[in-house]
Amino acid sequence: MKTLDEAEVGIFCYISQLPGFSGVLKQRYSDFIVNEVDLEGNVVHLTNLEAPSEIAEETKTKMSDQLNKSYDTELESFKSLTGDSDADCLKAFVNQISSGVKDSLSPIVLSPSSDKSHRTAVHKFFKEHFTFLVTDTVDGPDSSSKCIRVWFNAGGNNGRGRNSRKRKDRGDKPYDNRGSDNWPDHLGKFLRFHLYKENKDTQEALGLIGKMLGVQPRSFGFAGTKDKRAVSTQRVTVFKQRASKLAALNERLFGIKVGDFCHVKEGLLLGQLYGNRFTVTLRSIVADSADTIKASADALGKHGFINYFGLQRFGSGSVPTHLVGATLLRGEWRNAVDMLLDPREGDILFYVSMCAGDNKDSIQKVREYYKESNDIDGTLKQLPRHLVAERAILQCLKKCPGNYLQALKAIPRTLRMMYVHSYQSYLWNHAASKRVQKYGIDQVVLGDLVYCKGEHREKVASIDNSDCEDNICNDMNECSQLEEICETVFPEETSNSVKAISEDDLAAGNYTIEDVILPMPGQRSCRSRVIYPLNEIGEIFHDLAKKASRFSRVQDDISLTQSVHSIKEFSITSMTGGYRRVFQKPMDFEWKLLTYTDGDIPLVETDLEIIAKSRPSSVDRKEYPTNGSEDFKLPFNCTNQQEIPGKNASSSSTFNSKAEDGDREVEVPQKPTEGFSNAEEAKTALQLSFTLPSSCYATMAIRELLKTSTSVRIHHQSFTLLIVLFHSEIRGRISQNLEPVKLLRVEKRRSPHIMDFLSITQWGSLDKIECL
């Protein structure tokens, strides 16, 4: 199979016809900064690492107030619910607690009752009126009755958490069905905090924090996943946790910080954000002139870009996710399994094995072994654990041989739904390109779809991982914890009417090109499906679903109006659909040109660096080229780079979206540098800042600016050749115990993944990798 490129997934067109220029994206992960924007339009920043100090004091005061207040009114109400005997018993119990007798206090048992609804009412009464007491149910004097037991809540986990046990194993210990250890009334049950992370995806960071806290991943809530190779800040909620406990983790976390704590009543859900604020630095800019850059940047701010789903949506391997999705939609379960398990060209470790001479770790070899032997146990022993989908399929086939549908359902839901959702994105991209090619970018035409004026209120929702620029991978390398954290949500509108443009609309001029939308095939609600444009673009959706891809020898042969099988989650007629704008303008768009000489120095301050100015000893900022964790040891001292005080990384900008006359000019390189670059040579960088709604891809904005494909196909070809060239010298030095290679200079344009590759090979002889 061939490597995926933009044309295969429908990415053909640009808005402007201006010439492009070259630049390096994400040379350092700090060149790509993402700050979440909440529903109120506030940009989320990390500003404070400390936990609020008043919380613990308020908790103690609140408990004291509860024990000292009079409960005469509540006891009268309790008497009417249970009778005089139980009310008197409870009154004596409360008086003992108020007088200070707590530690040796035994629980009380109320009168037997065979009425379950009555017992439920009693439990509810205690929960609402006696928050310092907990209740559970014990056996009564006969088999038909039960008794309610009442305890003083003196603390502990109260039957919840990792140390909880079933009722029969608890003995005389109380069970608190409210969870938590006496959670105070004045605090919301969810702790909201700002998560700052460097070069880590959201699930990885939360998995690490959850492990330290001893809580499950499902305890966390967030509005959307963020890029891995980036510096990002976002809101996260966690159920019933103390701010002081999380703040204490900062000293143990590497590349992750938490702060800006507050308690809220509700946890965050996917889609509860407006979008993201991006600060992107493109390094090593090469253009015909500074005027070319200025014209292109101004055009991006004025006209925007085509709102394509980026290549990340379709996976990074040689088997695109939309092809697996098409196979699932056709109901070809065995073929889908084979596509996920068969040998493929895109396994990065295959190249590692070729160069390092270590075939036993090659994913390619493992896949070939299974295809030839069908040995599930032997394959599972060799298959890396990060291949979540493949391992889930094999484990299910081991239990249920030949049941390929069940094997596919064994894949975590979020991952398996990614396949069919990427097929929706594939159709949308092609339709968007045809819309631009057929009707241009200047005006609406008859039959275009738009939201009805006066009724449109878009509900902001994220498409699974679509605001995450490089989080999706065909082999699910970074997705092992998605199952319980994240559910796929498609764009959905609340009470919006969608209409096709009529002759009257064209005459009235009420709609512009910015209003044009295209459907994501599927169900818009339980009673209706999405509608399609009433022009040639509407037919393109159906034609595309019937045609074959160059990646596949068979026709897709998919109907958008009826399903060929009864499995709803793999049926496009049952999937959630919606609408997406064809054209998107970046909001609050700013840009400037910078000059720099040292590629190791960041050109923009992160939230953590701003905090570090006031706390210089508390923050140690480094960039690691690996996926990073507190337990990971670098194979060599690649980029243990601390910021160097006083070392000037950039000069004043020449061209700026808000620049004034009189600025001096920055000299922009006008031809590519051949071979290896000079580290001290002056270079130009373009820095962009803009906000995009959720589900829009920043890489598509960069594509419009540079007029360069975002496909890694060409990069991978150069990457493989480069590794082969360096391999013999490196291996020779290792085998002969010679001095290590002190510095390996690599041109980033030619090998975007060189640092990740070398970290995988664990060649410990290199002191440093410098990407230029």
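Trainee: Which residues of helix α2 (residues 72-82) are buried?
Mentor: In this predicted model, the buried residues of α2 are Glu 74, Leu 75, Phe 78 and Thr 82. Buried means under 20% relative accessible area, exposed over 50% and partly exposed in between, with a 1.4 Å probe and protein chains only. Helices are DSSP runs of H or I with at least four residues, numbered from the N terminus.
Trainee: How do they sit around the axis of α2?
Mentor: Seen down that axis they fall within an arc of 95°, so they line one face of the helix. The arc is that of the directions from the helix axis to the C-beta atoms.
Trainee: What's on the face turned away?
Mentor: The exposed residues Thr 73 and Ser 80.
Trainee: And what covers the buried residues of α2?
Mentor: The cover includes α3 (84-98) and α4 (116-129), where contact means heavy atoms within 4.5 Å.
Trainee: New topic: at what angle do α9 and α16 cross?
Mentor: Roughly 100°, and the axes of α9 (residues 321-329) and α16 (residues 413-439) come within 7 Å. That makes α9 roughly perpendicular to α16, a label for 65 to 115 degrees. Axes are lines fitted to C-alpha atoms over the stretch in contact, and angles run from 0 to 180 degrees between N-to-C directions.
Trainee: Which residues meet there?
Mentor: Among them are Val 324 and Leu 328 in α9, and Met 418 and Tyr 423 in α16.

Notes. Residues numbered from 1 in each chain as written. Predicted model: local features only at pLDDT ≥ 70, side-chain atom pairs only at ≥ 80, totals over all residues. Heavy atoms only, no water. Helix = DSSP H or I, 4+ residues; strand = E, 2+ residues; numbered from the N terminus. Parallel < 35°, antiparallel > 145°, perpendicular 65-115°, else oblique.
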